[in-house]
Amino acid sequence: MNLTKLSFCIILAASAHGAASGCTSAIVSARASASGRPLLWKNRDTSQLDNKVAYIPAASGEMAYVALFNASDRDCAEAWAGMNEAGFAVMNTASYNLNDDSVAAKEMDREGVLMTLALKHCRTVNDFEELLTSLPKPLGVEANFGVIDACGDGAYFETGNYNFTRFNLEDAESGVLVRTNYSHSGRPGEGFGQIRERNAWHLLTPHMEQSAITPALFTEGLSCSFYHDLYGADMLTGSDEWIVDQDFIPRYTTSASIVIEGVEPVEESTGHEGRDYVMWTKLGYPPCAEVTPVRCDPSGVMAELQGIDKDGTAPLCNRALERKREVFSAPDGNRARYVRLPALVNSLGTGYLTTLRKLNLETYEHYHR
């Protein structure tokens with residue numbers, strides 16, 4: 001991995017700083033997945049609700065990659081989840097219990113820039129650790145970075161401005177790691193997303209025990225689930241028309257659900273395994289979104305995922321956001337706080353979650369024929 005500190009400083013100086021985001025995520029080992037291929041999942045929460053996907057060709061000394069970007073990021077400078085041609089994949093969740101320093105706010109929120117750099121230069125999980133170690137400090141981040149590679153290795157790096165703690169996937173007895181918006185190595189009792197983390201474990205456990213975790217379990221299950229651990233119930237099964245949008249995995253701020261499906265682990269990488277990876281992609285609010293397979297290839301990103309509309313947005317994201325307006329339709333300025341359940345599931349079978357889940361499962365079935 002050929003990387004200079006100077007190049008990183010230049011990139012950081014040129015980057016735009018966005019608001020820190022949330023997210024729910026997981027890494028699944030090959031032994032816990034139904035296909036024998038590791039999985040990397042990110043349910044993205046952010047103020048940037050318009051997202052797109054782009055393929056970035058290799059520049060000199062760099063690797064080609066595909067990634068999720070904000071639609072407003074015309075230069076595709078900040079990746080929020082992605083995979084490269086060598087089979088390295090990365091995503092993040094914001095953390096809120098790691099840093100305790102005086103780094104200025106204007107020097108923070110550089111997670112997307114760091115992940116872009118990783119996609120250009122890293123081939124393995126160990127490369128990513130080397131990157132974090134070698135870059136100048138402070139890094140301008142506070143995040144849990146999840147990574148996998150073609151050899152089947154995976155890890156979370158709970159990373160602050162000056163230090164990081166590595167949690168290896170191989171050390172997880174269940175073969176699964178989950179992170180939301182706090183770090184397990186951080187200050188106890190602080191951060192956010194503890195209920196969402198428990199929601200995820202509740203929904204994953206039955207499949208984990210059978211080594212039956214699939215990409216669809218994430219995009220059509222967890223990213224569309226209204227199970228709430230505090231109540232011990234799935235709120236979709238009740239009779240309420242409205243529920244408060246609080247501590248579910250899908251939230252008003254959810255802009256995408258991404259599952260990167262690797263390859264069966266190889267003993268020695270050829271450097272091209274990423275061409276066989278699939279990035280299962282839902283743009284927009286997941287219960288209202290269509291899933292699409294993406295590959296790390298010049299023709300691997302369908303046009304409707306790209307920022308081809310006149311305002312730089314992606315058509316598939318726009319359609320999902322239009323449906324979402326019917327779900328978050330409470331009056332009196334409370335649109336972002338209440339979910340109208342019949343728009344998702346109803347007795348007529350016309351809710352968006354019902355109809356789109358059927359369509360999406362057909363997409364998975366057709367792809368694997």
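**Reading the model**

Modeller: In helix α3 (residues 125-134), V125, D127, F128, L131 and L132 are buried. Buried means under 20% relative accessible area, exposed over 50%, and partly exposed in between, with a 1.4 Å probe and protein chains only. Helices (H or I, at least four residues) and strands (E, at least two) are DSSP runs, numbered from the N terminus. This is a predicted model, in which local features need pLDDT of at least 70 and side-chain atom pairs count only at pLDDT 80 or more, while totals for chains, interfaces and linings use all residues. Residues are numbered from 1 along each chain as its sequence is written, and side-chain values use heavy atoms, with hydrogens and water left out.

Colleague: Against which elements do the buried residues of α3 pack?

Modeller: Contact means heavy atoms within 4.5 Å. The buried residues of α3 pack against α2 (111-121) and the strands β6 (89-94), β7 (143-148), β8 (154-159) and β9 (164-168). Of these, β8 and β9 run antiparallel and are joined by five bridges; two strands pair if DSSP finds at least two bridges between them. A hairpin of four residues connects β8 to β9, and A155 stands opposite N168 in β9.

Colleague: Which residues touch the most other members of the largest nonpolar core?

Modeller: In soluble globular proteins, nonpolar side chains tend to be buried together. A nonpolar core is a set of buried Ala, Val, Leu, Ile, Met, Phe, Trp, Tyr and Cys residues joined through side-chain atoms within 4.5 Å. The largest here has 59 residues, and L114 and F128 touch the most other members. Apart from it lies another core, of 21 residues, among them V28, V176, M208 and F218.

Colleague: How should I read the open sheet, and which strands stand at its edges?

Modeller: Six strands form this sheet, in the order β10-β1-β2-β14-β15-β16, with antiparallel pairing. Because β10 (176-179) and β16 (291-294) each have a single partner strand, one side of each is left without a neighbour in the sheet. Neighbouring strands are turned by 15° against each other on average, direction ignored. Axes are lines fitted to C-alpha atoms, for helices over the stretch in contact, and angles run from 0 to 180 degrees between N-to-C directions. Helix α4 (residues 194-208) lies across β1 (24-28) and β10, at about 160° to β10. Four bridges join β15 (residues 278-283) to β16, and M279 stands opposite V294.

Colleague: Is A81 buried or exposed?

Modeller: A81, in strand β5 (residues 81-84), is buried, with a relative accessible area of 1%. Its contacts beyond four places in sequence include K42, V66, I258 and M279. A81 and K42 are 39 residues apart in sequence, yet 7.5 Å apart in space, C-alpha to C-alpha.

Colleague: How many disulfides does the model contain?

Modeller: A disulfide is a pair of cysteine sulfur atoms within 2.5 Å, and the count is zero. The cysteine sulfur nearest to that of C288 belongs to C224, 8.5 Å away. The sulfur of C317 is 12 Å from the closest cysteine sulfur, in C288, and is therefore too far for a bond. Both C288, at 0% relative accessible area, and C317, also at 0%, are buried.
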